[in-house]
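Me: I would like to learn how to read a model like this one. Please show it, then take me through its features.

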Amino acid sequence: MATLCFFRFWLGFGIGGDYPLSATIMSEYANKKTRGAFIAAVFAMQGFGILVGGMVAIVVSASFKTVYPAPSYQENPSASTVPEADLVWRVILMFGALPAGLTYYWRMKMPETARYTALVAKNAKQAASDMSKVLQIEIEAEQEKIVKEKGNDFGLFTIQFLRRHGLHLLGTTSTWFFLDIAFYSQNLFQKDIFSAIGWIPPPETMNALEEVYKIARAQTLIALCSTIPGYWFTVAFIDKLGRFAIQFTGFFFMTAFMFALAIPYSHWTHKENRIGFVIMYSLTFFFANFGPNTTTFVVPAEIFPARLRSTCHGISAAAGKAGAMVGAFGFHYAAQSNDPNKTDSGYSPGIGVRNSLIVLGCINFFGMLFTLLVPESKGKSLEEMSKENNE
C-alpha cells in the first residue's frame, strides 16, 4: 500500500509539473499568430495517448480472456474473476512507463525558455545561446537592452498582481475547476452510463476480463469518434475563432447536451434510442475538447507575466485537479441508483445517472459564466497580454 501511494504521488507530481512547463515552453517559443495552435497541439497529443491506452487495454484484456476463459458472474461469482486477472491492470499500467521514460529523456535536453532567461534572469548571453540551439540560427546577445522595468517586478502575493491579474487568475482557475468536474466524472462513470442504456451488457452477465474488454472497447470508440477530433478542431480554429469563443461555445454545448440527455432520460434507455444517446453523449466529449478542455490549458500560458506564467498556470491546473477529485469521487457515488437493490457493492444509494447529468449540466453552465472573466489573447504578444511592456 505504501509503495502504491508513493508511486501515485510521484505520478501526480510529474504529470502536474509538466502541464505548466509544456504550455509555458511552447507559448514562449511560438509567434503570436500561431501560438494558440502550437499550444493546443501539445495538449491534443494526449488524445492519441487516450486512444493508445484504450487499444492497449483491449489487446491485453482480449489476450487474457482467450487464454483464461471463465464463467459469467451470475453463473459462478467466485470463478468469474480468474487469479490471472490481477495481472491485467498491472500490464496496462506498465505500458505507461515507456512514454514516461522518453518524456524524461527529452525534457532533460530542453533548455530554459529565452524569455525567462532574458526578462527574469537578466542573462542575454545565455538566452541568445539557448535560442540559437532551438532555432538553429545564430543570435547575437544584447545585454544592454535588458533593463529592469519599474512597476513590473511585483510578486504573486501583491496588490499590484491582484489589481492586474486577480480576475484573470480567478477566471482560469474556476473554469478549469468546473470543466474537470464535468470532464472527469463523464470519463469515470462511462461504465454506468453504457450499462444503463444497454450499450454494454449488465455486469452480472460477464466475467471480469470480458467486462474490461467491452468497457475499453466502448471508451476507445468514444475517443476515436469524438475526443480526438475535438482536440484537432481546436488546433485548426483557435487562432481564427479565438480562445474565448471556443471556450464559451464549448461550455454552452456541453450544458445543452447534458440537459438534452438528462431531462428525457427514460426516452434514451429504450433499445431503439440507444444510438442517439451514444451520439449525443459523444458530442459532449467533442465540445469539451473543441472547447474548455483545451482552452483552459492554453490561456494561462499566455496572459500572465513571464516570472509568474508557469506558477499561475500551475495554480490553474491544480484547481482543475481539485475539480477532477470532486468529479471522480463525488459523482461516482452520486450516479448510483436510488434503489438500494440496484447499487454497486459497497456503495450507498445515490441520485442516479439522470440527476447526475443534470448536476453536470449546471456545473457546465457555471463554467460558461466564469469564462467571461478570461481575456481574449488571440493575435496579441505575451508582453501585451501580461502588460509587461506598459512601462
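Reply: Start with burial. Of the 391 residues of the protein chain, 43% count as buried. Buried means under 20% relative accessible area, exposed means over 50%, and partly exposed is in between (1.4 Å probe, protein chains only). This is a predicted model: local features need pLDDT of at least 70, side-chain atom pairs count only at pLDDT 80 or more, and totals for chains, interfaces and linings use all residues. Residues are numbered from 1 along each chain as its sequence is written, and side-chain values use heavy atoms, with hydrogens and water left out.

Me: How many helices and strands does the protein chain have?

Reply: Helices (H or I, at least four residues) and strands (E, at least two) are DSSP runs, numbered from the N terminus. The protein chain has 16 helices and zero strands.

Me: What share of the contacts in the protein chain joins residues 24 or more positions apart?

Reply: Contact means heavy atoms within 4.5 Å. Take the contacts with a separation of 6 or more: residues 24 or more positions apart account for 76% of them.

Me: How is a pair of packed helices described?

Reply: Two packed helices are described by the angle between their axes and the distance between the axes. Axes are lines fitted to C-alpha atoms, for helices over the stretch in contact, and angles run from 0 to 180 degrees between N-to-C directions. The cut-offs are under 35 degrees for roughly parallel, over 145 for roughly antiparallel, 65 to 115 for roughly perpendicular, and oblique for the rest.

Me: What is the handedness of the crossing of α10 and α12?

Reply: A crossing is left-handed if the near helix is turned anticlockwise from the far one by less than a right angle, and right-handed if clockwise. The crossing of α10 and α12 is left-handed. Its residues divide into twelve nonpolar, two polar and no charged. Here Ala, Val, Leu, Ile, Met, Phe, Trp, Tyr, Cys and Pro count as nonpolar, Asp, Glu, Lys and Arg as charged, and the others, Gly among them, as polar.

Me: At what angle do α10 and helix α15 pack?

Reply: α10 and helix α15 (residues 352–370) pack at about 160 degrees, with axes 8 Å apart. That makes α10 roughly antiparallel to α15. Their crossing is left-handed. By class, this contact has 14 nonpolar, four polar and one charged residues.

Me: At what angle do the axes of α2 and α9 cross?

Reply: Helix α2 (residues 35–67) and helix α9 (residues 208–241) cross at roughly 165 degrees, and their axes come within 8 Å. This crossing is left-handed. The contact has 25 nonpolar, eight polar and five charged residues.

Me: Is arginine 35 buried or exposed?

Reply: Arginine 35 lies in helix α2. At 2% relative accessibility, arginine 35 counts as buried. Leaving out residues up to four places away in sequence, arginine 35 touches residues including Asp239, Glu302 and Lys380.

Me: Is aspartate 180 buried or exposed?

Reply: Aspartate 180 sits in helix α7 (residues 159–188). Its relative accessibility is 1%, so aspartate 180 counts as buried. Lys321 and Asn293 are among the residues that aspartate 180 touches, not counting those up to four places away in sequence.

Me: Where is threonine 296?

Reply: Threonine 296 is in helix α13 (residues 292–298). Threonine 296 is buried, with a relative accessible area of 3%. Beyond its neighbours within four places in sequence, threonine 296 is in contact with Thr175, Trp176 and Gln247.
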